[in-house]
Amino acid sequence: MCDRTEAAAAVPGRNAETIAAISTPFGTGGIGIIRISGPEATSVAARIFRGRKKISEIKSHTVVHGRIIDPADGHMVDDVLLIKMDAPNTFTGEDTIEINCHGGIVVLNRVLSLVLRHGARPAHAGEFTKRAFINGRMDLAQAEAVIDLINSKTDEGSRAAAAQLQGKLSEKIRNARRRMIELIAGIEASIEYPEEDIEEITGEMVHSGINEIREELHRTLQGFARGRLLREGITAAIIGKPNAGKSSLLNALAGSSKAIVTDIPGTTRDIIEEYVNIKGIPVRFLDTAGIRITDDPVETIGVEKARLAAAEAELVIIVLDAQTGITDEDREVMETSRDKKTIVMINKTDIADDQRIETMKAHIRDSGEMPVVVASMVDGTGMDDLADKIEELAAEGEISSNSEILLTNARHRQLIEDAIMSLDSAESAYTSGLPLDFVTIDIRDGADALGQITGESVSEDVINEIFSQFCVGK
Ligand SMILES: Nc1nc2c(ncn2[C@@H]2O[C@H](COP(=O)(O)OP(=O)(O)O)[C@@H](O)[C@H]2O)c(=O)[nH]1
Ligand SMILES: [Mg+2]
């Protein structure tokens, strides 16, 4: 374990090294940004930048137009806008230069290699954010929110990450940890200076203190399931016999023709996937080959893949064809997804009579209580109903709407659970009449667990592990 200053000291040459990276995605864009951070940021940039003013003369947090020149041959590499930001009011807390280049990958690489040749070294994945953490610009939970924000796939997911980035989770955790430390301090004072005239902490106060903090942590934990759902989403496999309309469903969900639709059974062979936002939940839909017995070796592989996809998905959508009614093939498909969260979609209801649809519904009811959606991919019937049912199933028993903070990170959840366990054991030490210093040991363990969320007490391995999940340039 080490505190933040120790973690900082453990980073080699913390204040000596200036790092640089391309911070925009690889590929062609209108602009691309090279970010430089560290004590030499300004002087590195000054060696390759020619503008109307010298970089050293422009004010902090201003933009200047100029050119990047290769000093070796005097050739211009790009026409750029340069932003100068002096420490400490920068993302990393260090002197920072951002060069806005034209967004071609060749240009960006040339500018970056000039920057590297003139005194910076390549940044590791997440190193800018790691420096922001080490320099006290944000705590660990906030730094982790940066990754979540970048990776978020829906509006709600990004809102949860933004709240965490603002420090809402950190504030709650820090508050609980402070109360635990106050309890420990109170107990220790009453043990060490019993005769002094300090405010006496009673056993009852300790007991109710433990309970209050634990309640609070439980409430925070409740936001986890919903948070994870919004962040990670679910996978839904669309399965069924050939020609039922699986690919048509994927296309309707995607709003474009991702998958080939024909009236030839066995058209889809490979799995086609598409992310769709269903009521804030990112759902990865998999369109699969129709499940049937076939002599075609390629189609057989497709059928195998379909079964596998159904087995691995969190949710299975079985598409039935109302024109044919329920056949043996359908029965086999339904067997495949037993013990799974399943939605049955009766498709092609535009060309089937109501009697047939009712018979199918009754039949499905008999083979298990699966939610049924009556649909047509021709006129769009049933799409809203399908979205409702997906949300219900995805969130089943997991949504707690009264939790104001969405906990999205599995590491944080584990640590909060650890803290709750320590408080449980502090309570049982108290109720079984053990001396109060036994109680403090448990509370201290709990406070340590919470400190690992915000980074107040965390090992360097954990820090490295967290930042290695970032992309280079962030
Ligand atoms: N009338 C009607 N035809 C549909 C409907 N959904 C799909 N089809 C047609 O059924 C055929 C098979 O569709 P497809 O999506 O390729 O089925 P898949 O084999 O399950 O992927 C195509 O000719 C589609 O145009 C529907 O709701 N109503
Ligand atoms: Mg298909």
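Me: Hi! How many helices and strands are in the protein chain?
Reply: Hello! The protein chain has 16 helices and 13 strands. Keep in mind that this is a predicted model.

Me: Thanks. And which domains does the domain assignment give?
Reply: Domain 1 covers 4-139, domain 2 is made of 152-229 + 409-454, and domain 3 spans 233-395.

Me: How far apart are the C-alpha centres of domain 1 and domain 3?
Reply: Those two centres are 50 Å apart.

Me: What radius of gyration does the protein chain have, and what would a compact globule have?
Reply: The chain comes out at 29 Å, while a compact globule of 474 residues would be near 23 Å. If you are setting up a box, the C-alpha atoms fill roughly 80 × 80 × 35 Å along the principal axes.

Me: Handy. What percentage of the residues count as buried?
Reply: 42% of the 474 residues do.

Me: Let's switch to sheets. In what order do the strands of the open sheet with 7 strands come?
Reply: They are arranged as β3-β4-β5-β6-β2-β1-β7, with mixed pairing. At the edges sit β3 (49-51) and β7 (121-122), each of which pairs on one side only.

Me: How does β1 pair with β7, then?
Reply: Strand β1 (residues 19-22) runs parallel to β7, and 2 bridges join them. A20 has P122 of β7 as its bridge partner.

Me: OK, on to β11. Is that strand mostly covered or mostly open?
Reply: Mostly covered: 7 of the 7 residues in β11 (residues 315-321) are buried.

Me: Which residues are on which side?
Reply: L315, I317, V319 and D321 are on one side, with V316, I318 and L320 on the other, and all of them are buried. As background, side chains in a regular strand alternate between the two faces of the sheet.

Me: What does β11 pair with?
Reply: One partner is β8 (residues 234-240), in the parallel sense over 5 bridges. Another is β12 (residues 341-347), also parallel, joined to β11 by 7 bridges.

Me: How many residues of β12 are buried?
Reply: 6 of its 7, which leaves β12 mostly covered too.

Me: Last topic, the ligand. Which residues come nearest to ligand 1?
Reply: G245, K246, S247, S248 and M377, out of 21 residues around ligand 1.

Me: Which helix gives the largest share of that shell?
Reply: Helix α9 (residues 246-254), with 3 residues.

Me: How does the shell split by class?
Reply: There are 11 polar, 6 nonpolar and 4 charged residues around ligand 1.

Technical notes:
Residues numbered from 1 in each chain as written. Chains lettered and ligands numbered in written order. Predicted model: local features only at pLDDT ≥ 70, side-chain atom pairs only at ≥ 80, totals over all residues. Domains from an automatic or database assignment. Pairing = 2+ DSSP bridges. Helix = DSSP H or I, 4+ residues; strand = E, 2+ residues; numbered from the N terminus. Near = placed C-beta within 6 Å. Nonpolar A, V, L, I, M, F, W, Y, C, P; charged D, E, K, R; others polar. Buried ≥ 20, exposed ≤ 12 C-beta atoms within 10 Å, placed from the backbone. Rg over C-alpha atoms; globule rule 2.2 N^0.38 Å.
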